[in-house]
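Colleague: I would like a close look at one part of this model. Please go through the strands there in order.

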Amino acid sequence: MVEAMYIYPKKYDVIVVGAGHAGCEAALASAKMGCETLLLTISLDTIAQMSCNPAIGGLAKGHLVREIDALGGAMAKVTDATGIQFRMLNRGKGPAVWAPRAQADKKAYHLKMKHLLEEAAALDLKQALVEDISIENGRVTGVITQTQTKFEGHAVIITTGTFLRGLIHVGLSQYEAGRAGEFPSKKLSDALERIGFELGRLKTGTPPRINKNTVDFSAFTEQPGDVPPPPFSFSTDTIEREQVPCYLGYTNERTHEVIRNNLDRSPLYSGKIVGIGPRYCPSIEDKVVKFPEKKQHQIFLEPEGIETDELYCNGIPSSLPEDVQLQFLRTIRGLEQAEIMRSGYAIEYDFAPPSQIKATMETRKVENLYFAGQINGTSGYEEAAAQGLMAGINAALKLRGDVPLVLDRSQAYIGVLLDDLVTKEIREPYRMFTARAEYRLLLRQDNADLRLMPIGHRLGLVDDAAFERLENKRERIEEELLRLRNNRLAPSETADRLLVERGTGPLKDGATLEQLLRRPELNIEDVYALAGLAVPEKNVAEQVQIEVKYDGYIKRQLAHIEKLKKLEDAAVPNEFDFSRLHGLSTEGREKLMRFRPASVGQAARISGVSPSDISILMIYLRK
């Protein structure tokens, strides 16, 4: 470790390294919980930078953002303040997969988040490049910067994004950078390896940005947002900002031919890139090669902000040479005159396989050292922000001497995310999907406040006014459910006529309003109209309708959770010696020793640990 020349005079409780989406949430959470916090970033001008798509949320990711908000995080509120298009995706499907998504004004988002950090009590924000970590007796004591200044702290949270030995590829050219135009962090990788952390390489990519004045929008299908715009945060009543459309177009066979003819100049197909990329967000080169039968691929033109002419070309990330990017873009209908303002590129970076962290985000190797975000092998702003929030919370709780916060899979998508990270082999950038959550009907985006806001309030991250508003909502839901159970509708000509119009059978002996609402053909407005009652406020009506219509499914999921609770509650001691368990499979023993599960339930979810391995483990634990 380099000897620091200067020790900064103020000692901190928590030091956060990196001010991306993970770092911002971590710093705000720890500071709000009363810890003197320092946030260090390579550049104050790129705080909460949207390196890729200028959007927040989407399928499953929107669930994460609403959970972050319910726990007291900042992402949803900043999105509401800076969003330029809001949509609720999947409305045509069941409520478990409804997903909020917002297009954000990229610069406005950065400035709003920076202002929140600057105004936060107990939080210092400084520009510095961290190159080393100070450790004494197995415990972190601070960090050392490029200028050999040592900042001392009781806990350190590393949230370095794609900056660890970041290497950018454009065609066969490559250069070191954390993002295009920004310094990489090389020596911090060296320091982590010297401490004993295993590092691997991952890859992600971004598409070209083009000038909107060079686009023929008549060749694209306009995609407006919802009216009125649905806010992200439970504390936002209405969205006041100007809203703008996105545009949908398609590649074609000529586009694909240009790409195929230049694959020898692609770093992906010439062996230049060794890192593994995200399976679910492939480059346009990968799409053309792996899906040769597809004659076209979607391209979404998304504005990067109100005060800029840059458009993000979602759907065609590319690391082909700049001349090829321009050539294939101009084969797309409506982009014949397109001018690229920023070329697409691929970036490789170091990550630390998350078998090296606990579910609290603390590293196993060094006490009070936490990893959050892409360093743990995830992709996406939302996954990073969720991890940052949990790392900030748990660092603060540990310094207080309180029990850590570990959300389980039945409580939150955040619980699913962290459980997956500590029980699964991460071989490619991890992305959240609704399919990963086995209890997704319970973990809806609309009820994240009911599930998690009491926890945020207890931690001091949710204020009394927001919590009181939640409790009022909870009471109103109970009142309406009771009203539906207790009000009975007798047969009548008027009622039967409306029921037949809605495609359902007439009343015979009468029915409660709850029984009527269970009919798939009727919605809550229909039922209240039949009874001559006023429909409750929207956020209450939505919850009541879901509770009634999906009551059977919800009860089954709750029963299943209760059944598995014994496994989840069966704790595995932290220093349990798996090597003395006779009868374990070789792979099972190796995986248990590597991942060190905190419970039997967690052990059962580790790939390679068989049911018989779990039986043996439970026998030993009972002894």
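In the hairpin of β9 and β10, which residue takes a positive phi?

Modeller: Q148 does, at a phi near 60°, in a hairpin with three residues between the strands β9 and β10. This is a predicted model, in which local features need pLDDT of at least 70, side-chain atom pairs count only at pLDDT 80 or more, and totals for chains, interfaces and linings use all residues. Residues are numbered from 1 along each chain as its sequence is written, and side-chain values use heavy atoms, with hydrogens and water left out.

Strands are DSSP runs (E, at least two residues), numbered from the N terminus. Strand β9 covers residues 139-145, and six of its seven residues are buried, so the strand is largely enclosed by the rest of the structure. Buried here means under 20% relative accessible area, with a 1.4 Å probe and protein chains only.

Two strands are said to pair if DSSP finds at least two bridges between them. On one side of the turn at N137 lies β8, residues 130-136. Strands β8 and β9 pair in the antiparallel sense, over six bridges.

Strand β10, residues 149-158, runs antiparallel to β9 and is joined to β9 by three bridges. Here V143 has F151 of β10 as its bridge partner.

Definitions and conventions. Buried < 20%, exposed > 50% of the residue type's maximum accessible area, 1.4 Å probe, protein only. Helix = DSSP H or I, 4+ residues; strand = E, 2+ residues; numbered from the N terminus.
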